[in-house]
Amino acid sequence: QEVVLKGVAAFQEGSIYAQKFEQYIKAVNEKGKGQIRIQYLGGAPKVMPLFDVGKNLKDGVIDIVTTSSAYYGNVLPEAEAMKLIEVPMSELRSNGGLAFLNKLHVEKANTEFLARFYNYERAHIFLNKEIAKPDFSGLKIRVTPMYRPMVEKLGGTGINSTPPEVYTMLERNTVDGYGWATRGIFDYSWQKVTKFRVDPGFYHPDITLLANHDTWTKKLNDAQRKLLLDLAMEIEASTADVALIEAERKKQEEAGIKAIRFAPADEQRYVKEAREAGWAVVNKISPENGPKLRGYFTKE
Amino acid sequence: MTIALRLFEKLIGFFGILFGLVIGLIIALICIDVALRDFGLGSLPWLIELSEYLMYAGTFLAAPWVLRQGNHVRVDMLFVALPKRLAVRLEQLVDLVGLGISLVLLYYGSAVVSDAWRNNMVAYKTWYVPEWLLFLAIPVSALMLAIEFTLRFMRVQSVVRDSYDVTDRATL
Amino acid sequence: MAWPAALALMLGLVCLVMLIGLPVAFAFFLTNIVGAIVFLGGENGIMSFIRGSMASIANFNLAPVPLFLVMGDILLRSGMAFRAIDAIDRLILAVPGRLSVVAVSGGTIFSALSGSTIATTAMLGQSLLPEMLRRGYHPSMAMGPIMAIGGVDMLIPPSALTVLLATLASSVSRDKVSVSDLLIAGIIPGLIMSVCFLIWIVVRCWMRPDLAPRDEASKAPMTLVERWRPFFIDVVPLSFIFIVVMGSMFMGWASPTDSAALGCLATVALALCYRALTWKVLFESLKSTAAVTTMIFFIIAASTTFAQILAFSGATDGALAEIAKYEFTPLIAVFVMIAILLVLGCFMDQISMMLLTFPFFMPLANALNMDLVWLGVILLISLQIGLLTPPFGLLLFVMKGVAPPEITMRQVWAAAFPYTVIVFGVLMLVVFVPSVATLLTGAMR
Ligand code: NA
Ligand code: NA
């Protein structure tokens with residue numbers, strides 16, 4: 001008979017980063033009619049606190065979620081490394097990296113890694129002051145934990161604040177900039193108070209599809225698992241985002257946000273410093289698995 | 001027994017005063033942070049995280065003290081409307097329900113703590129904080145609340161014969 | 001479980017246990033336990049909701065609440081507030097209902113310094129009420145204006161309730177409600193309200209002189225200097241606090257939270273200048289702030305999770321889909337919201353009301369593309385009316401607490417009534433003339 005899975009997004013319903021999950025649910029419920037259905041309960045924090053999504057998935061309170069590794073470090077510390085995946089997902093699936101990553105997910109978080117939904121996002125620093133070199137000395141930059149190590153490594157001051165306060169802080173120059181993904185600044189109207197975007201982007205912010213391991217292995221049969229995986233792979237393999245991100249960069253340009261480009265050597269150093277800052281944190285969290293993951297995730 | 005009660009009263013009062021001092025500390029730190037930032041001397045990156053944990057832990061740990069003072073808001077319509085003898089019984093019922101809730105929070109709050117301990121769960125923002133330590137405030141608070149609800153239940157019983165004034169335990 | 005049943009179970013249970021007199025926070029906790037078992041799946045569900053209680057108050061957006069409370073408390077306990085009222089008392093001459101006018105004008109000034117309606121009402125109640133009653137003011141003319149001013153305090157920044165409203169609304173809304181915008185938006189409606197109170201007092205006392213005996217004859221005549229000196233010494237410097245709070249926010253030194261902390265610092269500094277600050281004053285202020293903060297945050301800890309379980313159960317979406325069928329216009333939707341808040345306001349505290357209703361109100365407002373600053377002010381005033389309506393009204397209780405024992409609860413209710421009607425009038429003004437609320441925020445951009 002029909003199996004019903006409880007689904008939750010770590011992002012607000014209808015927002016950019018919940019959309020693919022919502023589209024996925026629609027596809028599953030159409031194709032799986034009669035055998036499987038995902039009951040979409042909504043997004044965080046409407047149905048549960050953001051940082052509890054991972055734990056609730058682990059405990060089986062919910063069955064299937066879309067979230068980012070930034071939000072479930074409490075159940076899987078190594079998730080910290082996932083923004084540092086630089087090889088394409090297809091390669092990660094063939095080089096044994098995904099198998100290793102999934103093993104960590106199963107053992108520590110009782111979670112099955114199904115697919116990565118967003119593959120082309122980059123992390124950026126947005127600024128109100130022009131800089132010529134990858135040097136943030138004297139700049140106050142609003143950060144999340146993901147951005148702090150790299151901002152500080154490049155000499156800047158990382159400032160914490162909650163997203164609702166960021167607009168006012170930018171408007172009144174309490175901060176000189178902020179770290180954010182390629183897309184999403186229009187959701188907060190930050191384009192009105194932003195002058196520059198530092199290119200290139202660094203890290204690959206990940207948004208993934210995860211399922212509870214018990215649900216996956218015990219509640220579902222082979223056909224149901226295949227259906228869920230196949231539909232997820234379709235989304236993972238899609239390159240439609242590339243055009244959308246290009247359009248977003250255009251839109252930012254039209255809103256008056258200029259791209260800052262460094263000289264090629266500086267550019268390389270910028271990305272490298274960010275990468276090293278990221279891995280330093282991972283290696284501190286897991287001295288054992290950090291280097292292994294780096295072997296799978298990068299081509300160095 | 002009286003010494004134990006005295007000590008308990010001191011303990012819950014201590015947590016109340018501690019929370020007050022913590023609020024003073026948060027104010028001071030925010031002012032320092034603003035000053036550092038505006039003079040370009042850096043900032044206190046851990047300030048938000050620290051304040052968040054302190055506001056949460058302070059609230060839970062001071063809750064029994066606030067209960068002792070009768071300062072948790074409640075609707076007292078029924079108490080005022082009922083004859084005194086019934087009002088007293090209702091008060092006892094309320095205390096029993098409160099005791100039950102506290103015991104559930106105590107039991108499952110402890111389960112949350114031990115679960116976080118066993119799985120080495122760590123909250124990471126600017127600090128790595130073991131989650132069991134964060135959650136500890138909940139069962140500790142629940143234990144004190146359970147004791148306080150029990151004391152309230154007995155206190156009401158001991159004054160039934162006197163003129164028990166319901167309004168002295170009213171809302172705010 | 002179908003959504004109507006889920007909704008009935010959760011709302012029914014929480015209201016029932018609230019009515020038998022269980023403290024509000026515990027009423028939510030009890031309902032959460034039941035809801036966790038039914039909807040989140042047993043023991044893991046209960047543990048999940050307990051973890052969630054931490055997440056709901058470990059939230060820096062709530063930090064201004066205790067900070068604004070501290071400001072009001074220091075002003076009250078250091079005696080600075082009383083001296084300011086005394087100075088204003090000297091300035092206001094022979095008008096009908098003179099002391100009531102002093103209460104409203106002094107209270108309005110104090111509103112711009114205190115973020116706590118409780119502190120303001122308690123302060124005016126302690127400083128002016130005994131004097132008014134002694135001089136033979138009718139209890140309604142003595143207590144009414146003092147309770148009414150609590151509402152003005154809530155609208156004029158700083159205001160702890162405004163911060164809570166913006167924070168709680170934003171957490172369930174697609175479009176965010178800016179704390180600083182909402183703080184600014186309250187100023188004009190607050191001042192209008194204050195002026196309406198003044199007009200009512202003067203007209204009423206002019207028509208019925210027995211309500212407020214004229215007292216100027218009893219006072220020795222003062223020279224101009226005697227009359228104005230205390231104003232410049234005890235009132236004008238207080239504007240420093242207001243300038244720090246609003247200035248730091250709008251000059252770009254500080255976020256709303258920062259400005260609240262700077263406001264506390266300014267209050268302490270000023271109290272030091274007046275030599276009115278002792279360790280005891282500081283200590284007692286922090287202690288009483290801790291008590292009120294605990295009371296408020298404990299409710300939020302329990303009721304945020306309540307709202308999440310309600311959403312998890314499908315009840316929220318189900319009810320919203322049902323409401324959407326009626327195809328309300330924004331105006332009708334606003335009236336429905338006001339009506340719900342007025343009814344709930346009779347029985348419930350402001351925070352529980354916000355947490356119960358906003359998961360329904362905010363998505364509806366988003367769907368209808370309402371101006372959230374305008375809506376925020378409307379919700380704020382509707383919530384404020386609940387402070388004055390029996391049987392459960394926070395300011396009624398505060399007043400009863402500071403009034404002489406022979407004053408009955410019924411007299412307190414009666415005193416508040418005409419002002420409740422005036423507040424409702426201002427509410428209607430904001431509904432039909434939105435620019436009253438949005439004028440200042442528009443000008444700020
Ligand atoms: Na105020
Ligand atoms: Na009321």
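So, chain A puts 23 residues into its contact with chain C, and chain C puts in 29, where contact means heavy atoms within 4.5 Å. The area buried there is about 2,200 Å², with 51% of that coming from carbon and sulfur atoms; buried area is the accessible area (1.4 Å probe) that two parts lose on being put together, summed over both. On the chain A side, A:Lys46, A:Glu165 and A:Arg172 lose the most area to chain C, together 25% of what that side buries.

Quick housekeeping. This is a predicted model, so local features need pLDDT of at least 70 and side-chain atom pairs count only at pLDDT 80 or more, while totals for chains, interfaces and linings use all residues. Residues are numbered from 1 along each chain as its sequence is written, chains are lettered from A and ligands numbered from 1 in the order in which they are written, and side-chain values use heavy atoms, with hydrogens and water left out.

Back to the interface. How many salt bridges cross between chain A and chain C? The rule finds two, a salt bridge being a side-chain nitrogen of Lys or Arg within 4 Å of a carboxyl oxygen of Asp or Glu. A:Asp59 forms a salt bridge with C:Arg51, with the closest N and O atoms 3.5 Å apart.

Which elements of chain A give two or more residues to this side? Those are α2 (53-58) and α6 (163-171), helices here being DSSP runs of H or I, at least four residues, numbered from the N terminus. The largest share, four residues, comes from α6(A).

Okay, over to chain C and its helix α5, residues 80-91. Its twelve residues reach 17 Å from first C-alpha to last, close to the 16 Å expected at 1.5 Å a residue; the expected span is 1.5 Å times one less than the number of residues.

Still in chain C, C:Ser194 sits in helix α12, residues 187-207. Buried or exposed? C:Ser194 is buried, at a relative accessible area of 5%. Leaving out residues up to four places away in sequence, C:Ser194 touches C:Val104, C:Thr108 and C:Val152.

Last stop, A:Ile16, in helix α1 (residues 16-31) of chain A. A:Arg183 is 167 residues away along the chain, yet its C-alpha is separated from that of A:Ile16 by 8.2 Å.

Conventions. Buried < 20%, exposed > 50% of the residue type's maximum accessible area, 1.4 Å probe, protein only.
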